[in-house]
Amino acid sequence: LPTFTQDWFSHNVPNLQKALGLLEKRRRFLEIGCFEGMSTCWFLRNALDDVGEIVCVDTFEGGIEHVKTSFEGVRERFEQNIAEMKGPAQSVRVLDCHSHLALAKLISEESRFDFIYVDGSHTAPDVLADACLAYLLLQTGGIIVFDDYLYGQDKPLLETPKAALDMFTLLYREKVSIVMLNYQLGVRKIG
Ligand SMILES: C[S@@+](CC[C@H](N)C(=O)[O-])C[C@H]1O[C@@H](n2cnc3c(N)ncnc32)[C@H](O)[C@@H]1O
């Protein structure tokens, strides 16, 4: 069975079921911030097409909010967990670098995704860049779910996703529609 040392995921399942239920195609997924693969395993088993591909991006080194979390063995646990949960015709591609580099590489490859889950760096500048680059990688009609929209309300503004995501939804208001807004934010690409 898969092994996890943290559960940053289970409470998000009802939201994800709702957002994924709005999709017509579930063939190509992108995940920014996969950690030990709890979310990846859930996508593989519960949402991704049997012949689908998921691209997982992580530095496997943590962000500024992870000073108390050890990242020793995270990459190895991710690989083991995925190997156990992946369907025979599903594929998993890992890009182990900063998300901005990974997304730029995917854009240069002209990749497109039906669904993108953003749960990487939580600082406002990083989240803003992740959001703008993810938009470019999304199919029209596709959905991005940002985890932790309301994370860190007691923290400095620049260390929280909300400031970036409010700016993103304001500036992209003719290009995305909001499909979910609670602790997470879900948007659909409309243009
Ligand atoms: C909260 S964890 C992800 C949890 C996972 N989605 C789940 O639900 O089980 C955030 C992950 O993002 C990664 N990360 C943080 N900043 C990043 C960045 N700039 N680029 C790529 N990965 C990053 C960290 O290494 C960490 O594994």
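## Overall fold

From the N terminus on, the elements run α-β-α-β-α-β-α-β-α-β-α-β-β, which makes six helices and seven strands. Helices (H or I, at least four residues) and strands (E, at least two) are DSSP runs, numbered from the N terminus. The radius of gyration of the chain, taken over C-alpha atoms, is 15 Å, close to the 16 Å that the globule rule gives for 191 residues, so the chain is as compact as a globular protein of that length. The globule rule is 2.2 Å times the number of residues to the power 0.38.

This is a predicted model, in which local features need pLDDT of at least 70 and side-chain atom pairs count only at pLDDT 80 or more, while totals for chains, interfaces and linings use all residues. Residues are numbered from 1 along each chain as its sequence is written, and side-chain values use heavy atoms, with hydrogens and water left out.

## Extent, surface and contacts

Along its principal axes the C-alpha trace spans about 40 × 40 × 35 Å. The chain exposes about 9300 Å², and carbon and sulfur atoms supply 53% of this area; the areas come from the Shrake-Rupley method with a 1.4 Å probe. Of the 191 residues, 49% count as buried (under 20% relative accessible area, with a 1.4 Å probe and protein chains only).

Contact means heavy atoms within 4.5 Å. Among contacts between residues at least 6 apart in sequence, 73% join residues at least 24 apart.

Helix H2 (residues 38-46) is mostly covered, with seven of its nine residues buried. These are Met-38, Ser-39, Thr-40, Cys-41, Trp-42, Phe-43 and Leu-44. Their cover includes helices H1 (13-20) and H3 (74-85), together with strands S1 (28-32), S2 (53-57), S3 (91-95) and S4 (113-118).

Phe-29 lies in strand S1 and counts as buried at 1% relative accessibility. Leaving aside neighbours within four places in sequence, Phe-29 is in contact with residues including Leu-20, Phe-43, Ala-47, Val-55 and Phe-115. The C-alpha atoms of Phe-29 and Ile-143 are separated by 10.0 Å, although the two residues are 114 residues apart along the chain.

## Two loop residues with positive phi

Phe-60 is in the loop between S2 and H3. Phe-60 is not a glycine, yet has a positive phi of about 55°. Its relative accessibility is 9%, so Phe-60 counts as buried.

Asp-148 is in the loop between strand S5 (138-146) and helix H6 (161-171). Asp-148 is also a residue other than glycine with a positive phi, near 60°. Asp-148 is buried, with a relative accessible area of 11%.

Terms used:
Buried < 20%, exposed > 50% of the residue type's maximum accessible area, 1.4 Å probe, protein only.
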